[in-house]
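Here are my comments on the model you sent. Please read them with the structure open.

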Amino acid sequence: MENKQELLTLINNRINQVTALIKEHNADAMIIFNQANYRYLTNFTGEEAQLILTANGERMLLSDSRFAGQIKAQVPGEMDVVMKHSSDYEELTNALKKMNVKKVLVEGEFVSASEFSKLKELNPDIDFEMVEELVERVRNVKDGLEIAALRKAIDISMESFKGILPMIKPGVKERAIGAKLDYLFKVNGGDGPDFETIVASGVRSAWAHGVASDKELEEGDMIVIDFGSFYHGYAADITRTIALGEVDEEMHKIYDIVHEAQRRGIEAAVVGNTGYDVDKAARDYITQQGYGKYFGHGIGHGIGLEIHELCQPALPFKTTKLVNNMVHTVEPGIYLPDKGGVRIEDDILIHDQTPETLSTLPKDELISL
């Protein structure tokens, strides 16, 4: 975003929501280690940094000289910056002493037990409390900038997918298709793949995470392609299943079942429902059709600055109540061992009682090439 004032307004709103949660813990500050989280609160995209956010909204970023110019260019508003010259924990100790804080929250998922002990040892006068996914609670609901970035990531991903369809022929290796997709993400304006692209053909299409291999495509293969590009740090996640030539009649049957199950899941993705309601709507239909035991994973997860959101232990999609401007996937599948599988996945924006499907690649019929 070129307008730094507009970006600062959004970041200040994010900070206000996070500081409210810090205050709920009766804490003076929080140390943020997760790169996605400090990016969310500063716009700084570099690695190996830590952010201290106080309950009154002051920010102190600990980085090093490699990123000085990048910080200056990316970060809007006032923020103290410390260039580190010793260990992270010594620098954090020095910073916390200057801030005169008594109780500090720490991201429990990103600090080991030994590191947490070291932090307490170096700061005996501070009460440290581990918290889980505090910033993520705010990140779950996307603002306008984030939704625009997600739309762009999804558009880039869809355009790139169209670009690999002419390659899908017998004798072509899965790996070649995956590599072309990853290449097209950048050609089309993205930042590159946000996870290892899945291209799983034949019996491998029953592997839920069958990343692209040296297997060659064969006539009669089902091909599951699960893909997504980053755009300005935001992740798309889409899956389509393709038939190469004539495929087994049962594969057509399970495709139609998965398609209808996904339709029902998306229909349930409304404000007030939970991820469990979305899952149940899709899973019950697959079970009724006799394939329940072949759908072994959850219905979906959030997407944003990380490819998998709303799936951590403290914030599982299943128990999360859906509110406007959450973005998540709906991805039912049926996987028949030694035969093949089908998955259809789309990215959904929660909008009152009318969920918006952001990824619009054709899917009403099995794509046959």
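Predicted model: local features only at pLDDT ≥ 70, side-chain atom pairs only at ≥ 80, totals over all residues.

1. **Contact and buried area.** Domain 1 brings 14 residues into contact with 15 residues of domain 2. Between them the domains bury about 1,300 Å². Carbon and sulfur atoms account for 49% of that area. On the domain 1 side, look at Arg39, Glu133 and Arg139: they supply 43% of the area that domain 1 buries against domain 2. That is more than any other three residues.

2. **Salt bridges.** The rule finds three salt bridges across the interface of domain 1 and domain 2. Arg139 also deserves a look for its partner: Arg139 forms a salt bridge with Glu309. Their closest N and O atoms are 2.5 Å apart.

3. **Polar contacts.** Eight residue pairs are in polar contact between domain 1 and domain 2, with both residues at pLDDT 80 or more.

4. **Helices on the domain 1 side.** Three helices each supply at least two residues of the side that touches domain 2: H1 (4-24), H2 (35-42) and H6 (134-139). H6 gives the largest share, four residues.

Conventions: Residues numbered from 1 in each chain as written. Heavy atoms only, no water. Contact = heavy atoms within 4.5 Å. Buried area = accessible area lost by both parts, 1.4 Å probe. Salt bridge = Lys/Arg side-chain N within 4 Å of Asp/Glu carboxyl O. Polar contact = N/O pair within 3.5 Å; in protein donor to acceptor, adjacent residues only side chain to side chain.
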